[in-house]
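Open the model in your viewer and follow the stops below. Have a selection tool ready.

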Amino acid sequence: MSFGGLFDGGNGGGAHLVADMAYGTSARAITHPSVLSPPLHLSSMFSSPGLSLALQTNLTARGDQNSEPVAGGIGSGELDSARRNKEDENDSKSGSDNLDGGSGDDLELENPRKKKRYHRHTPKQIQELEALFKECPHPDEKQRMELSKRLCLEPRQVKFWFQNRRTQMKTQIERHENAILRQENDKLRAENLSIREAMRNPMCCNCGGPAVLGEISLEEQHLRVENVRLKDELDRVCALVGKFLGKPISNLSTLPPPSLPFIPNSSLELANGLASVPPLSTVMSPTRAIAGGGAAFSGVEKSQERYVFLELALAAVEELVKMAEMEEPLWVLCSNTGRETLNYDMYDQCFARCLGPRPPGFVSEASRETGVVVINSSALVETLMDASRWADMFPSVIARTTTADVISVGVGGTKNGVLQLMHAELQVLSPLVPVREVQFLRFCKQLTDGAWAIVDVSVDATKGDQLKCRRLPSGCVVQDTPNGYSKVTWVEHAEYDEVMIHPLYRPLLRSGLALGARRWLATLQRQCQSLAILMSSSIPADDSTAAIMPAGRRSMLKLAQRMTENFCAGVCASSAREWSKLGGGVNIGEDVRVMTRQSVADPGEPPGVVLSAATAVWLPVSPQRLFDFLRDEQQRSQWDILSNGGPMQEMAHIAKGQNAGNAVSLLRASAANANQSSMLILQETCTDASSSLVVYAPVDIPAMHLVMNGGDSAYVALLPSGFAILPDGGSGGLKPQDGSLLTVAFQILVNSQPTAKLTVESVETVNNLISCTVQKIKAALNCEA
């Protein structure tokens with residue numbers, strides 16, 4: 001049968017083309033304009049019953065929606081519509097339609113000329129397949145076999161359905177993600193256009209008008225904003241430096257851009273008379289690490305903290321100088337005591353509190369004292385600005401001190417402008433008064449030639465409930481005198497919580513006699529006088545160490561200094577020595593504090609368990625009378641069990657001041673019997689207008705011979721004991737008459753093994769020793785309570 005007349009070229013190719021179309025070939029082949037020209041009428045083409053039946057059967061097998069027999073002819077437009085419907089159907093398939101036994105691609109790979117047969121799954125099959133797909137998109141072979149049996153499908157059909165379903169799900173997810181990315185891209189494009197438009201029209205932050213015409217980079221705009229901020233900062237720094245130097249700084253046009261103080265080699269220099277001031281970056285030097293690991297800052301935060309510290313220091317030194325110069329009505333002289341007291345109403349009118357209002361529950365103490373000190377202003381400034389030398393100058397007042405941070409190193413290599421952050425533990429030699437911990441700024445400023453001001457002010461005012469004390473502007477104003485000495489005006493102003501202080505000592509602290517200006521100035525005068533005598537080549541008349549070499553004298557004084565420092569550390573529970581307070585359960589007195597520690601590998605102490613016990617009592621005798629009694633070697637047998645019941649002999653005496661009570665002595669106790677060798681006792685006595693000390697310790701005779709010959713005193717083992725005497729501060733009405741506050745303290749080696757346990761018997765022995773000593777002193781002075 002020939003169809004040559006239907007196609008151009010009539011070579012039989014037309015029959016082959018129609019046959020392919022009828023048996024499932026893609027409809028694209030018959031719509032190509034070069035192959036199919038006029039519309040075709042299938043009814044006339046397939047007039048043969050056999051061909052019509054074959055065509056109808058194959059159309060039904062393809063699963064088309066219009067599966068009825070063809071009633072009329074199909075033109076090219078209808079074929080194109082059928083092709084589009086088929087493509088849409090393929091796109092929207094959910095895996096329900098599949099080839100019988102496999103996918104079309106697999107069949108083409110196996111046999112490209114094999115005819116394709118389609119199979120449509122029933123709604124129930126699709127429902128079962130979808131339910132399993134939600135639970136397990138990747139079923140194993142066993143699951144597929146069970147599903148195929150249940151749904152009456154071939155295993156390959158189930159397998160390929162799941163493959164097609166996973167592919168369809170992946171395509172849907174990719175389309176959704178693409179839509180989201182497209183939205184994000186559009187949003188970023190809009191923001192980019194908005195930023196570009198804003199950059200082309202920058203606005204001035206001062207006037208609100210256009211800043212620069214033309215296009216400007218974002219980095220340059222940020223630099224302009226930073227430049228404005230740095231200019232404001234420079235103006236503030238110059239104002240501070242003007243106050244710092246006491247001279248206004250007006251010529252800002254010659255200064256470099258304000259990269260200070262972040263760049264250490266900045267060239268900013270200011271004039272101070274004829275002297276050249278170093279760069280501000282050296283004045284505001286980079287902060288070193290805080291000792292003990294305190295809080296650390298960096299960058300802009302650190303710089304802002306420095307400015308705050310400098311402003312606080314400048315305000316504090318201004319207040320200190322005014323308080324040192326002003327008289328009544330700020331300071332009122334008390335006719336009964338002869339001491340000056342601060343008028344707080346006038347103080348609030350004259351000064352703005354730089355640390356804010358007084359915390360609730362705190363009490364105030366303020367005092368001022370003026371005196372002449374045997375030292376020039378430069379040497380005194382050097383001593384006070386060095387933490388170690390400052391502690392050595394006030395051993396009975398300062399338990400421990402450290403320089404936490406150096407904020408300013410000074411101007412022109414001098415102490416003028418030095419600003420440092422310090423931490424100190426201040427002590428009253430009594431177990432009934434806790435150590436006063438303070439963190440403060442110390443600032444040194446030269447007022448004129450030969451006149452200095454050194455001020456302390458607390459910086460820990462934000463500690464809240466942990467704050468127990470804060471120092472308001474306190475310190476001293478020093479001025480040289482023509483004879484080489486210095487006139488010192490000392491001001492102490494503090495606010496503290498007195499809840500933990502024993503009522504016996506509260507009047508003393510409020511009066512300023514415990515840690516006030518008189519205590520600081522009197523101790524300074526005594527220490528400077530002692531140093532002046534020791535540095536002098538002449539020996540006082542009452543000094544019995546003429547035969548001792550100067551090296552031996554220095555060695556004895558160094559040993560006595562260590563003894564006194566250890567005694568103070570044993571009385572007050574400071575962090576200078578690691579003492580452990582003894583808990584309850586031991587039969588000791590109510591006002592007796594017992595501490596213990598282990599001495600290991602310390603050449604200055606005997607190894608073992610050391611016990612320290614201290615108590616404080618009030619005695620109705622004057623401090624001077626009590627001091628004279630305790631330091632008198634002839635009356636020592638009345639209270640000291642080490643005297644063996646007899647008077648002691650003074651073997652050596654080194655004077656430490658014009659007052660006979662300031663000395664270091666070497667005493668020898670007489671032997672109780674002929675078989676017992678005599679014992680040596682090293683003793684130091686100190687007295688001034690504020691307090692007195694009597695400290696002693698038994699020492700080894702060969703070791704003392706070595707020391708007196710100039711040997712190293714660091715290897716002489718000793719455990720000090722002694723007394724601290726303070727005025728009672730008027731007792732605040734607690735006692736009928738004025739008297740003295742006596743602290744009695746002992747350090748005893750209770751066991752030579754450092755790992756030994758402390759026994760109750762040892763504690764009771766020390767407690768009995770303290771009680772017995774106090775009773776003997778009261779009996780000797782006829783002041784039994």
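This is a predicted model: local features need pLDDT of at least 70, side-chain atom pairs count only at pLDDT 80 or more; totals for chains, interfaces and linings use all residues.

Select α17 (residues 550-571) and α19 (residues 701-708). Their axes come within 7 Å and cross at roughly 125 degrees. The two helices are therefore oblique to each other.

Now show side chains where they touch. From α17, pick Gly552, Ser555, Met556 and Leu559. From α19, pick Met704, Val707 and Met708. By class, this contact has five nonpolar and two polar residues, with no charged ones.

Next, colour the sheet. Nine strands form an open, antiparallel sheet, in the order β15-β16-β17-β23-β22-β21-β20-β19-β18. Find its edges at β15 (580-581) and β18 (648-655), each of which pairs on one side only.

Zoom in on β18. Seven bridges join β18 to β19 (residues 663-669), and these two strands run antiparallel.

Bring α17 back into view. What does α17 pack on? The helix lies on the sheet, touching strands that include β16 (592-599), β17 (608-619), β20 (679-687) and β23 (740-751). The direction of α17 makes about 75 degrees with that of β20.

Last stop: the cavities. The structure holds nine of 30 Å³ or more. To outline the largest cavity, select its lining residues, among them Trp390, Arg442, Asp456, Arg471, Trp490, Glu492 and Trp520. Strands β11 (451-458), β13 (474-480) and β14 (486-496) each give two or more residues to this lining. Colour the lining by class: six residues are nonpolar, one is polar and four are charged.

Note on methods:
Residues are numbered from 1 along each chain as its sequence is written. Side-chain values use heavy atoms; hydrogens and water are left out. Axes are lines fitted to C-alpha atoms, for helices over the stretch in contact, and angles run from 0 to 180 degrees between N-to-C directions. Helices (H or I, at least four residues) and strands (E, at least two) are DSSP runs, numbered from the N terminus. Angles under 35 degrees count as roughly parallel, over 145 as roughly antiparallel, 65 to 115 as roughly perpendicular and the rest as oblique. Contact means heavy atoms within 4.5 Å. Ala, Val, Leu, Ile, Met, Phe, Trp, Tyr, Cys and Pro count as nonpolar, Asp, Glu, Lys and Arg as charged, and the others, Gly among them, as polar. Two strands pair if DSSP finds at least two bridges between them. On a 1 Å grid over the protein atoms alone, a cavity is a set of points where a 1.4 Å probe fits but cannot get out, and a pocket is an open set with protein on both sides within 12 Å along at least five of seven lines; lining residues have an atom within 4 Å of a point. Grid points are joined across faces, edges and corners, and a volume is the space filled by probe spheres set on the points.
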